[in-house]
Structures are given as C-alpha cells and as structure tokens.
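Dear colleague,

Please find below the structure that I am handing over to you. My notes on it follow directly after.

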Amino acid sequence: MDELNKKVVGLSLGITSTIIYLICAIWYTIAPKSLIGYGNYLFHGIDLSSITSKTITFSSVVIGLILIFISGYLIGILFVMLYNYFIKKH
C-alpha cells in the first residue's frame, strides 16, 4: 500500500472541518433551537439549551474558522503519521 501525503490529508481535513463549522454557524444563526436539539441527540442527552441565548458575532466566527482549520490540519497530519507508521509495520 502507498503512504499518505501529510499536506494533502491535512488540507482535506482542515477544509472539511471549516465547511462543517460554517454550516453549523449558519444553522445556529437561522434556527438555534433546532441545532441545539440536534446537538442534544449527538451528545447523549446533555442539555445544551443554555447556550441558545448566546449571540454569534462575525469576529467569533472568523476566529472559530481559523482555529478549526488549524486543528483539522494538525489532526490530519497526526493521522497520516500514524497511518504511515502502521502501514510500514504490517
């Protein structure tokens, strides 16, 4: 099997994470109660309703986008490093 490219996987995961983050921010802006209900199901019934009163600002979305991209990119690189290590061992 071929090894994975760190930059390609990192960018792919960073961009995918950014798109999901944007969808979430838009969803929260349009229908916050619906998103909170969805989140309650994902997090095994944890009550997230207390955050519905929080207002999203443009600057918080931009900072979040930057942070989620960097996190996704670094997680992608870590994934590739582990994948390539284990593929060599087996």
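What volume does the largest pocket have? The largest pocket has a volume of about 300 Å³. A pocket here is an open set of points on a 1 Å grid over the protein atoms alone, where a 1.4 Å probe fits, with protein on both sides within 12 Å along at least five of seven lines. The volume is the space filled by probe spheres set on the points, which are joined across faces, edges and corners.

Please note that this is a predicted model, in which local features need pLDDT of at least 70 and side-chain atom pairs count only at pLDDT 80 or more, while totals for chains, interfaces and linings use all residues. Residues are numbered from 1 along each chain as its sequence is written, and side-chain values use heavy atoms, with hydrogens and water left out.

The largest pocket is lined by 13 residues, a lining residue being one with an atom within 4 Å of a point. Closest to the centre of the pocket are Cys24, Tyr28, Ile51, Lys54 and Ile56. Helices are DSSP runs (H or I, at least four residues), numbered from the N terminus. H1 supplies the largest share, four residues. By type, the lining divides into 10 nonpolar residues, two polar and one charged. In this count Ala, Val, Leu, Ile, Met, Phe, Trp, Tyr, Cys and Pro are nonpolar, Asp, Glu, Lys and Arg are charged, and the others, Gly among them, are polar.

The surface patch

Phe58, Val62, Ile66, Ile70 and Leu74 make a nonpolar surface patch of about 500 Å². Such a patch joins nonpolar side chains (Val, Leu, Ile, Met, Phe, Trp, Tyr) within 5 Å, from residues with over 30% relative accessible area and no salt bridge. Areas come from the Shrake-Rupley method with a 1.4 Å probe, and for residues only the protein chains shown count as cover. Phe58 lies in helix H3 and counts as exposed because its relative accessibility is 69%, the class for values over 50%, with buried under 20% and partly exposed in between. Ile70 also belongs to helix H3; its relative accessible area is 42%, so Ile70 is partly exposed. The C-alpha atoms of Ile70 and Gly14 are 6.5 Å apart in space, although the two are 56 residues apart in sequence.

The salt bridge

How many salt bridges does a search of the whole structure find? The search finds one, where a salt bridge is a side-chain nitrogen of Lys or Arg within 4 Å of a carboxyl oxygen of Asp or Glu. The partners are Glu3 and Lys88, with their closest N and O atoms 3.1 Å apart. This pair links distant parts of the chain, 85 residues apart: Glu3 is in the segment before H1 and Lys88 in helix H3. Glu3 is partly exposed at 43% relative accessible area, whereas Lys88, at 61%, counts as exposed.

Further positions

Lys7, in helix H1, is exposed at 59% relative accessible area. Between the C-alpha atoms of Lys7 and Ile77 there are 7.1 Å, with 70 residues separating them along the chain. Ile20 is also in helix H1 and is exposed at 53%. The C-alpha atoms of Ile20 and Val8 are separated by 18 Å, the two being 12 residues apart along the chain.

Yours sincerely

Key: Helices (H or I, at least four residues) and strands (E, at least two) are DSSP runs, numbered from the N terminus. Patches are made of residues with over 30% relative accessible area and no salt bridge: like charges are joined within 9 Å, nonpolar side chains (Val, Leu, Ile, Met, Phe, Trp, Tyr) within 5 Å. Buried means under 20% relative accessible area, exposed over 50%, partly exposed in between (1.4 Å probe, protein chains only).
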